[in-house]
Amino acid sequence: MRLVLALIQPTKLRAVQEALARIGVQRMTICDAQGYGQQLGERAEHGARDGQAVLLRKVAMEIVVNEDFLDR
């Protein structure tokens with residue numbers, strides 16, 4: 001079995017859940033998270049002070065699948 005971890009925008013959650021349901025994913029854990037990545041370059045627009053990046057809201061999805069299911 002493999003654990004797939006996906007960090008997505010909260011606005012994409014429903015679409016991702018629906019897409020996973022269509023391919024047969026039935027079990028997952030969803031948690032609120034905060035972080036930054038590519039958006040680091042936009043830190044000034046998000047109200048950062050002293051060059052620090054602002055943490056943006058994310059959704060962390062943990063999905064356990066069988067090895068042969070990974071390509072889907």
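M1 is found in the segment before β1, where strands (E, at least two residues) and helices (H or I, at least four) are DSSP runs numbered from the N terminus. The model is a predicted one, in which local features need pLDDT of at least 70 and side-chain atom pairs count only at pLDDT 80 or more, whereas totals for chains, interfaces and linings use all residues. Residues are numbered from 1 along each chain as its sequence is written, and side-chain values use heavy atoms, with hydrogens and water left out.

With a relative accessible area of 71%, M1 is exposed; the term denotes values over 50%, buried those under 20%, and partly exposed those in between (1.4 Å probe, protein chains only). Together with L3 and V64, M1 forms a nonpolar surface patch with about 350 Å² of accessible area. Patches comprise residues with over 30% relative accessible area and no salt bridge, nonpolar side chains (Val, Leu, Ile, Met, Phe, Trp, Tyr) being joined within 5 Å and like charges within 9 Å. Accessible areas come from the Shrake-Rupley method with a 1.4 Å probe, and for residues only the protein chains shown count as cover.

Three strands build an open sheet in the order β1-β3-β2, with antiparallel pairing; two strands pair if DSSP finds at least two bridges between them. β1 and β2 (29-35) are the edge strands, each pairing on one side only. On average, neighbouring strands of this sheet are turned by 25° against each other, direction ignored. Between β2 and β3 (residues 56-65), the antiparallel pairing extends over seven bridges, and Q34 stands opposite R57 in β3. Helix α1 packs on the sheet and touches β1, β2 and β3, its direction making about 10° with that of β3. Contact means heavy atoms within 4.5 Å, while axes are lines fitted to C-alpha atoms, for helices over the stretch in contact, with angles from 0 to 180 degrees between N-to-C directions.

The structure holds two salt bridges, each defined by a side-chain nitrogen of Lys or Arg within 4 Å of a carboxyl oxygen of Asp or Glu. One joins the side chains of R2 and E67 (3.1 Å, N to O). R2 lies in strand β1 and E67 in the segment after β3, so this pair ties together parts that are 65 residues apart in sequence. R2 is partly exposed at 42% relative accessible area, and E67 is likewise partly exposed at 45%. In the salt bridge between R57 and D32, the closest N and O atoms are 2.8 Å apart. This pair links strand β3, which holds R57, to strand β2, which holds D32, across 25 residues; both R57 and D32 are exposed.
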